[in-house]
Amino acid sequence: MFVHLHVHSPYSFLDGASPIDEIVARASELGMSSMAITDHDNLSAAVRFVKAAKKAGIKPIIGAELTMEGGFHLTVLCRDKEGYRNLCAALTEAHLNNPRRSPRTSLDTLAAHKNGLLVLTGCRRGLISTLILQKRFSEAREVAEKYRRIFGQDSLFVEISETLLPGSRGLNRYLSELAATFGLKTVATNNVHYARKEDFFVHDVLTCIRTLTKLEDVHPERRLNAENYLKSEREMKEELRDYQESLEMTSVIAESCECPLELGVPNFPSFPVPSGFASSKEFLRHLVFQGVQSRYGRVTGEISSRLEHELKVIEQLGYEDYFLVVWDLVRFAEEQKIRHAGRGSAADSAVAYCLGITDVDPIAQNLLFERFLSVERGEKPDIDVDFDSRRRDEVTEYVYRKYGDDYVASVATYNTFQGRAAIRDAGKAMGYAPEEIDAIAKRLPHISAAMLDEAFEVVPELKSLGIPEKKLKTLISVAEKLADFPRFLSTHLGGVVIAKDPISWFSPVEFSAKGVKILEFDKDDVEDLGLVKIDLLALRTLGAIEDSLGYIEKSLPGEVLDYDRISLDDEETFKRLQRADTIGVFQLESPAQRALQARLGADNIEDIVASVALIRPGPIKGDMVEPFIRRRRGDEGVTYLHPSLEPILKKTYGVVLFQEQVIEIASSIAGFTPGEADSLRRVMTHGRSFSEMQKIGELFVKKAVQRGIERDVAEKVFQCIQGYASYGFCEAHARAFGTTAYKTAYLIQHYPAQFFAAILNNEPMGFYPVSTICVEARKHGVKVLGPSINHSYQDVTVEDGQIRLPFKMINGMTEKAMTLIVSERERGGLFKSFSDFTRRVRLERDILKNLILCGAFDEFGISRRALLWNLNELDPRVEVQPGILIAVREGDSVAMPPIADFSLQEKVALEYQILGVGISAHPVELWRPILKARGFTGSAELHEVPPGEFIKVGGIPVRPHRPPTRSGRTVVFLSLEDEAGLIDVTCFENVYKRYGKYLFPGEMIPLGVWGQLQKRGNAFSVVAKSIFPLSYVLNERDT
Amino acid sequence: MTKIVDQPVLVVVEKGKPKRFFWVKRWVNVAGIIDKWNEVGRWWEDEKEKVFFRVLAAEGGIYEIYSDKKRWNLYRVYD
């Protein structure tokens, strides 16, 4: 029986053209009993391959094709666990000791890690084959002899392939003779790069992408033919009929290899317990009951029994150490004053609350611990903690310090081909002009590459590209084939793995682009490997909160604000939410959230928690938003399908909103065990198949009827929770986020200058760009001052209740330049003039130019154009090297010519270009007289117009987006920013189809909209009837 | 030295292998096949896959001929 022992998956990164599932399915179709995956210099495919192969009844063999020093290939297969560890170790050395993405394994390294490995001499790029093809026969013999000496006769095999290339026949003859000379066995392989012959073209395009060539170009790595597919045993026997023993050897090798991966076996380190405690169990109990004092004051029976229950589950599952590790990280952050907040389902745990990991009291909120952890499910706990984004790395460094470099690594993510990247890369390879590729990619929504064909059918802005249809169709069909193929490894946002054994026993380790050591597996693979991931996430909002508290302390002496104790019932804050005045508020600022707030009338924290969960694809698609609002407002009565649902759904007005409620309903109505209830939640939230849903529905109804519930009621209840499908939001998470949302609203309400300043200082964050935040700040009476050479710093500052923009917002600014300016100002006092500045500070010409153009020298009373002239006219002697200006000699004066300044329009345009915001004015403010004359309504005047009236509005489009809708039709939401705020615009499908090219044109252009004014609650929006570039109006002559 | 010809030729085939071909007004007998390989060509222009043979002529010359399953071409002549 022939076995493929040299197969590349897509994890050969642009050198494997069939998904793992397809390769395995094809192998199974061909009746293969075993198969190996041997990707280039990595093991990323291992876990997925093992799972897929086992499911298909195929024995998985793990290996790799190593790139040796000199660039030659060598195929290695793991015979056992020891081999796997050795391969991980060899690959780790190859990655860490060589430039990133150019791993090279030295023969010495491989020799040191040879135990448990079988070595195959490699494809045509193997050293022996290369030498033979170059007719350097004696050298080939020397290498064979050397390999035999190092790896031994029993572990070394001469690889023979017939991929029908020029010279193959001669090469195989010589390889066979060489093997016989040294008493080695030959083994047949086909160096597989795709499952079927017809997939060759995908591989060819991938090769072009990898080698940065076009299809028309010639490159040695492009394959001459389509023979590197998963051939059947019959085909292999035919191609290699003269080498029957090499075919037989494949099954001998396969039998000698065992799958080295044991998936799901836990591997978590023991937490170093302080002396005085016998075990982590004892220490955890100690910490929890210590925490009770600060969280609750005293231990009531309810608290005690809840904690005992949780601790029992944690102990039963053996996760005491995991909780202690997370507790220790949070303790470290606390000690270092790094702002943090637990998120996710961990907020369902009173133990996590008492340990200070989360800030939501699950007992008071009646949150279900089983949503987080249950013995029946036996899943690993997943605690996510957000840290101030600027200081998260300090926490990560602490983990490395505490547990040791060799025991910690970051989790990887696979950067995969999505629609745009697939079009860009395939387009380049296929020789499309850069402007053609740009035109398509920029108009393309963010979709999977697998949906490209559909997108080109329905997305209107892709209709007017001016590219011949046949040409476009070929590109789409190629790009679609690249869907979800991994392009490269990158670092997971915050996932860190701590292992009991050295991390390189589980995975090779390599450097990410950021220089972080990463595993070769992603979060799902890591879990399958039995490793526990801890998410140390960076949240810019926490940085903004921290900054705003700093601004408050500095700019408002005597003001005392304890963020952690902000009262959750501030009337003014709720009034702000009711006005939908929420731009800048965490989680509540999107147009959809603002529309919700305008109608909801939130007046307590529960409304905020519900808001966070409501504006999600699930509730919107499931039509839960409207019933919730109507019931909350009292427009519709709250009813329950069964009295036992009342205690569960009362807080959400009878609407199923949270995952915890599904679990509770399942157990109270149908008597589901926690495990069954969680299966139900999973089936519903992960969009499983109809048959799965039907199956669990039948079980639900059956068990409910057994408990005395009427069949039709049980069926209705199930239908009701079925409508919940794909919500995917847990109350604990909504509560954690809702609390932060409320508190940021509180900060904006009471400290607008400080919080808007903090948002600007942490950009990019939130939903809106800098310009919108500045408009909002101004709307609330906070002046935004431009950068000033004498008053700005690196970061945003607050001066007398006004926001001062920092140097870092200036395009092209560098750390070095900012430090130079600020340190010289602190050393020698304020700059007295432009000449004084150029005398004292040496800057690159472009930086100086941008400082001038954004008005940083305005305070000296000289026009920006004059300063620019001066910059151009400076004596060439002052330029010590191109682009670098040095101080003019003391006493030299620079003559300022009488040049007229830029017009206001020019100034604003330049400020926008350099800062992303107009300081001298808002662009729309300058157009307002014309717009007014043409009958346009501004955002500040919307409330004067009767709802239902048709109006014209104009502004700079902000965040046009196409969220999922209940009807499944495309609706585009966008906002138009003018000088006084935002005007929300809704475009239904018919309008979008006609005017989509203006909404997603590639480059954003100011737009005008004619449509009907709508008022819902306290918010206005315009339902567009037509859309046009604003320039049509601005350039129109008066008639 | 070699010369690219790439012109259609008449080929007599036996068991899928060229036995003789007609070139410059005469039949050239194939004494042996030195090498055989496949080439996909310009697939993006719907070009068909070709099977190449490098053959030793009985008279002593070396030629490369290919078939794309529709017809045979003499591709290259070795001096």
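1. Glu227(A) counts as buried, at 3% relative accessibility; buried means under 20% relative accessible area, exposed over 50% and partly exposed in between, with a 1.4 Å probe and protein chains only. A salt bridge is a side-chain nitrogen of Lys or Arg within 4 Å of a carboxyl oxygen of Asp or Glu.

2. This is a predicted model, in which local features need pLDDT of at least 70 and side-chain atom pairs count only at pLDDT 80 or more, while totals for chains, interfaces and linings use all residues. Residues are numbered from 1 along each chain as its sequence is written, chains are lettered from A and ligands numbered from 1 in the order in which they are written, and side-chain values use heavy atoms, with hydrogens and water left out.

3. Lys197(A) also forms a salt bridge with Glu49(B), with 3.2 Å between the closest N and O atoms. A network of salt bridges links Lys197(A), Glu227(A), Lys231(A), Glu239(A) and Glu49(B). Side chains of opposite charge can pair when their charged atoms come close.

4. Two further salt bridges in chain A deserve a note. Arg210(A) and Glu221(A) meet at 2.5 Å, N to O. Arg210(A) is in helix 8 of chain A and Glu221(A) in the loop between helix 8 and helix 9, eleven residues apart. Helices (H or I, at least four residues) and strands (E, at least two) are DSSP runs, numbered from the N terminus. Asp425(A) and Arg487(A) form the other bridge, the closest N and O atoms being 3.3 Å apart. Asp425(A) lies in helix 16 (residues 419-429) and Arg487(A) in strand 10 (residues 486-498) of chain A, so this pair ties together parts that are 62 residues apart in sequence. Asp425(A) is buried at 13% relative accessible area, whereas Arg487(A) is partly exposed at 23%. Over all chains, the structure holds 73 salt bridges.

5. Where chain B meets chain A, the contact (heavy atoms within 4.5 Å) takes 13 residues from chain B and 18 residues from chain A. The two chains bury about 1300 Å² between them, 55% of it on carbon and sulfur atoms. Buried area is the accessible area (1.4 Å probe) that two parts lose on being put together, summed over both. Two salt bridges are counted between the chains.

6. Chain A has 42 helices and 23 strands. Its radius of gyration, taken over C-alpha atoms, is compared with a globule rule of 2.2 Å times the number of residues to the power 0.38. For 1039 residues a compact globule would have a radius near 31 Å, and the 33 Å of chain A agrees. Of these residues, 57% count as buried.

7. Helix 34 (residues 770-779) of chain A has eight of its ten residues buried, so it is largely enclosed by the rest of the structure. Among the buried residues are Ile773(A), Cys774(A) and Glu776(A). Just after this helix, Gly781(A) takes a positive phi of about 80°.

8. Asn172(A) sits in helix 7 (residues 168-181) of chain A and is buried, at 2% relative accessible area. Leaving aside neighbours within four places in sequence, Asn172(A) is in contact with residues including Ile160(A), Glu162(A) and Tyr243(A).
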